[in-house]
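Let us read this model feature by feature.

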Amino acid sequence: MATPSSSSSSSATATATPHVVICGGGVIGACTAYFLSTKSSSAPRITIIERSSIACGASGKAGGFLAFDWCSPPLSDLARASFLLHGSLSLALSGVSAYGYRPLHTISLPIHPHPPHRQSPPRSLPSWIDAPTAGPPRTIGTPETTAQVHPYLFTQTLISASSAEVVIGEVARVEVVQDRATAVVLKDGREIPAHAVVLALGPWSSRSPILSSLFGISTLKAHSIVLRPRDPNAISPHALFLSYQDSPGAPTLDPEVYPRPTGEVYICGMSQELEVPEDPSTIEGDPESIKMLHKIAGKVSSHLKDGEAEVVAEQACFLPCSDDGLPVIGEMPGIEKCYVATGHSCWGILNGPATGAAVAELILEGRSTTVDITPFSPSRFLGRRKGKVAV
Ligand SMILES: Cc1cc2nc3c(=O)[nH]c(=O)nc-3n(C[C@H](O)[C@H](O)[C@H](O)COP(=O)(O)OP(=O)(O)OC[C@H]3O[C@@H](n4cnc5c(N)ncnc54)[C@H](O)[C@@H]3O)c2cc1C
């Protein structure tokens with residue numbers, strides 16, 4: 001995505017208002033745009049370039065589960081800062097749009113697919129969960145430590161609140177002049193001058209030569225279904241982390257169930273390492289995986305059985321996973337004003353806010369104060385991989 005160039009005629013460096021171009025309209029791009037718009041009295045002009053549509057990938061199809069203290073160091077500081085920012089964002093943005101933020105209880109529950117005897121669910125479970133359990137439920141989160149958002153609505157809301165211009169187009173490359181990013185060039189030939197470029201391409205980071213010359217992003221495909229039970233009021237705000245073995249000797253699955261304030265229930269699981277296709281709009285769920293999620297939903301609750309709940313969505317999307325499992329956040333070594341924010345794996349909705357705030361501070365003030373992002377610097381890969389960034 002980067003090419004050397006001696007021409008700076010279209011460079012934004014000559015223009016007055018700083019212009020930040022964010023490549024990728026997922027939750028990471030959206031959070032970066034939002035905090036760029038709020039961190040400074042003289043906010044820069046912000047453009048988001050999105051290939052397909054805003055939140056078309058994992059950021060629109062994720063669970064949206066948030067946890068204060070489930071990540072271990074060095075991710076824990078980013079997660080804690082993000083969890084607290086989610087709380088304050090929900091207050092700051094409630095006038096703009098409701099995006100389903102709410103604190104909730106979280107339970108871990110082993111489900112028995114074929115109980116040996118007729119068995120009542122433990123009394124400690126909410127009444128809508130009538131699953132045959134293979135062991136006692138365990139409280140693993142309280143409304144003080146776990147919460148949720150609707151990720152698609154959250155991403156959309158942040159972009160609207162940032163007043164960023166959204167350009168639908170495919171980023172082909174970053175123009176680099178004298179080791180400094182100066183513009184983004186689209187596949188259709190349009191060139192967008194920039195004072196700073198942020199690459200927030202999620203699973204598609206692996207297709208960017210500028211990023212993949214320094215580090216790898218592998219991709220994991222995961223499935224989800226969204227159901228609307230006939231009586232949404234019967235479903236209480238309890239997130240469920242299940243373990244489920246379909247038959248003796250079958251692998252143990254770990255699906256997750258998230259009731260939403262919209263009256264829908266989201267169920268996800270069934271993941272597999274696969275390469276992300278070029279076009280996000282072509283991603284479809286594997287029928288067997290979708291069938292298994294419906295089966296598990298019906299085991300958990302009779303409100304979610306086939307025929308009892310409307311099917312709102314059956315879908316799949318890809319997680320971006322870095323070589324060492326940590327996000328990659330910071331300025332690209334050797335290319336001034338070219339920033340990366342990717343590799344958030346299964347915690348991108350949680351960790352979006354502190355990531356976006358940190359990248360905004362880095363661009364506007366030269367250093368991040370919200371959270372120490374040194375452990376996530378792309379420079380950690382120098383010497384580990386090919387060692388030289390492709391420009
Ligand atoms: C099933 C599932 C459940 C999940 N549940 C949770 C959860 O409960 N909590 C949590 O915190 N996280 C969760 N996650 C993880 C979270 O969804 C991701 O970490 C996060 O969405 C990644 O955001 P992103 O912005 O980096 O990438 P994406 O959302 O993939 O956005 C990248 C964007 O870049 C665009 N793009 C790519 N290439 C180009 C190009 N060349 N030009 C222009 N645009 C381009 C894409 O079209 C895409 O819109 C879940 C993920 C999955 C798959």
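**Reading the fold**

A: β2, α1 and β3 form a β-α-β unit of right-handed sense. Right-handed means that, with the strands pointing away from the viewer, the path from the first strand over the helix to the second runs clockwise. Helices (H or I, at least four residues) and strands (E, at least two) are DSSP runs, numbered from the N terminus.

Q: What kind of model is this, and how are residues numbered?

A: The model is predicted: local features need pLDDT of at least 70, side-chain atom pairs count only at pLDDT 80 or more, and totals for chains, interfaces and linings use all residues. Residues are numbered from 1 along each chain as its sequence is written, and side-chain values use heavy atoms, with hydrogens and water left out.

Q: How many bridges join strand β2 to β3, and do they run parallel or antiparallel?

A: Start with the rule: two strands pair if DSSP finds at least two bridges between them. Strand β2 (residues 19-23) and β3 run parallel, joined by five bridges. Within that pairing, isoleucine 22 has isoleucine 48 of β3 as its bridge partner.

Q: How many residues of β3 are buried?

A: Buried means under 20% relative accessible area, exposed over 50%, and partly exposed in between (1.4 Å probe, protein chains only). In β3, five of the six residues are buried.

Q: What span does helix α4 reach from its first C-alpha to its last?

A: The expected span of a helix is 1.5 Å times one less than its number of residues. Helix α4 (residues 151-162) has 12 residues. Its span is 17 Å, close to the 16 Å expected at 1.5 Å a residue. Just after α4, serine 163 takes a positive phi of about 60 degrees.

Q: Which residues are buried in α4?

A: An α-helix has 3.6 residues a turn, so residues three or four places apart point the same way. In α4 the buried residues are Pro151, Phe154, Thr155, Thr157, Leu158, Ile159 and Ser162. Their cover includes α1 (27-38), β3 (45-50), α2 (58-61), α3 (75-92), β9 (165-168) and α7 (348-365).

Q: What does phenylalanine 154 touch?

A: Contact means heavy atoms within 4.5 Å. Leaving out residues up to four places away in sequence, phenylalanine 154 touches Val27, Cys31, His86, Leu89, Tyr99, Val149 and Pro353.

Q: How many residues has the largest nonpolar core, and where does it lie?

A: In soluble globular proteins, nonpolar side chains tend to be buried together. A nonpolar core is a set of buried Ala, Val, Leu, Ile, Met, Phe, Trp, Tyr and Cys residues joined through side-chain atoms within 4.5 Å. The largest one here has 62 residues, and those with the most contacts inside it are Ile22, Phe65, Phe154 and Ile363. α7 gives the largest share of this core, nine residues. The core lies between domain 1 and domain 2, because both give residues to it. Apart from this core lies another, of 31 residues, including Ile49, Leu186, Phe215 and Cys338.

Q: Which stretches make up the two domains?

A: Domain bounds come from an automatic or database domain assignment. It gives domain 1 (2-93 + 150-215 + 323-381) and domain 2 (105-142 + 219-322). Taken over C-alpha atoms, their centres are separated by 31 Å. The contact takes 29 residues from domain 1 and 27 residues from domain 2.

Q: Which peptide bond is cis, with omega near 5 degrees?

A: It is the bond from proline 73 to proline 74. Proline 74 is in the loop between β4 (65-67) and α3.

Q: Where is methionine 270 found, and what is its phi?

A: Methionine 270 is in strand β18 (residues 265-273). Its phi is near 55 degrees, a positive value in a residue other than glycine. Methionine 270 is partly exposed, at a relative accessible area of 24%.

Q: Where is the place of serine 345?

A: Serine 345 is in the loop between β21 (338-342) and α7. Serine 345 has a positive phi near 50 degrees. At 25% relative accessibility, serine 345 is partly exposed.
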